Amino acid sequence: MPPSTPANVPSVWREAHWNDLPGWDSDDLGAAWSAFRESCRAIGRKPAWVAVCAAAAVLPDTLSDREARQFFEQRFVPRQSVAGNGSVQGLVTGYYEPLIHGSRTPLPGTRWPILAPPSDMWSAGKKVVPYWTRAELEKRRAEGRLPARVLLWAADPVDLFFLQVQGSGQVELPDGSRVRVGFAEHNGHPYRSIGRWLIDRGELAANQATMEGIRQWTRRNPQRLDELLNSNPRYVFFREMPIGEGGPVGALGVPLYAERSIAVDPAYVPLGAPVFLSTTWPLSDKPLNRLVMAQDTGGAIKGAVRADFFWGFGDEAGEQAGKMRQQGKMWVLWPKGSN
């Protein structure tokens, strides 16, 4: 293990040089500066990050590409993430902050509950898992026996499902105002991809299993909607969040930045770390090489070379996120002299 690899990270980090990073010289590193400063808000007191975050704090809020490049190249070393099987290639998917329609009270057009975490998930201060599966929770909903406080009511069950997959989103109320909800807890069951479920059963081809492709399938097969959604036993509970002007708050506890934040597996990539991601645009071989920040996690994001690219808010971001299932490589930028 290289001497600049932290001992508590079990992944293999391969020593690298800046010219090993495809597109490093052509990325606008100044565009990643604000996201990096947000990371420092969360990790700046950790021993490995004290010096580099202190140095960043005295610099302006915005930097040019040249200034940011000088900062990163002088204060970091790149280390390539390598999977346990020795592969440097991994899966890069996308996610976004959706906008769905709903209400504060159940109305004829809004009857799907967005739930807060149930109080009986804890016993003696400890989380009790696994909790009810999605199918069991849906059965209780149909019987009028909801196990938790309802934050809001959604207009569409598929929208609510994808809200749970994304982990955060905004709900537009009948008066046009909006409420942001963020991940609070899950029921302790594994995440299962409904796109994979459809592919495995020959319902959709792999290139059709996008969010829009899945929506079209549900419109053609409304009688099988419960079967499809319940194939994923995981259920996500939410909390209401300040809507503010920035992105949703990720697992690091700071707002996410469109096209500059990713979700990672923190068992392999330290939360808050800058990561250079080399992948391609959705459904294409056009290079997408970006300096991003590891600021979030996800139930399906497992492994050393695995990332979920945050596209931002709204339909356009959702279109990109829904199509993204690319191969990619990752380099963690680690502060010089830290171990």
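Q: What makes both faces of strand 13 count as covered?
A: In this predicted model, P274, F276, S278 and T280 on one side and V275, L277 and T279 on the other are all buried, where buried means under 20% relative accessible area, exposed over 50% and partly exposed in between, with a 1.4 Å probe and protein chains only. In a regular strand the side chains alternate between the two faces of the sheet. Since 7 of the 7 residues of strand 13 (residues 274–280) are buried, the strand is largely enclosed by the rest of the structure. Strands here are DSSP runs of E with at least two residues, helices are runs of H or I with at least four, and both are numbered from the N terminus.

Q: What is the basis for the model and its numbering?
A: Because the model is predicted, local features need pLDDT of at least 70 and side-chain atom pairs count only at pLDDT 80 or more, while totals for chains, interfaces and linings use all residues. Residues are numbered from 1 along each chain as its sequence is written, and side-chain values use heavy atoms, with hydrogens and water left out.

Q: How do you know that strand 13 is joined to strand 14?
A: Two strands pair if DSSP finds at least two bridges between them, and 7 bridges join strand 13 to strand 14 (residues 287–296), with the two running antiparallel. T280 stands opposite P287 in strand 14, and the two strands form a hairpin with 6 residues between them, where L283 in the turn has a positive phi of about 55°.

Q: How do you know that strand 13 is joined to strand 16?
A: Strand 16 (residues 325–335) runs antiparallel to strand 13 and is joined to it by 4 bridges; in strand 16, M330 is the bridge partner of L277.

Q: Why are helix 5 and helix 7 called roughly antiparallel?
A: Helix 5 (residues 157–166) and helix 7 (residues 211–220) pack at an angle of about 150°, with their axes 11 Å apart. Axes are lines fitted to C-alpha atoms, for helices over the stretch in contact, and angles run from 0 to 180 degrees between N-to-C directions. Angles under 35 degrees count as roughly parallel, over 145 as roughly antiparallel, 65 to 115 as roughly perpendicular and the rest as oblique, and helix 5 and helix 7 are therefore roughly antiparallel to each other.

Q: Which residues of helix 5 and helix 7 meet?
A: V158, D159, F162 and Q166 in helix 5 meet M211, I214, R215 and T218 in helix 7, where contact means heavy atoms within 4.5 Å.
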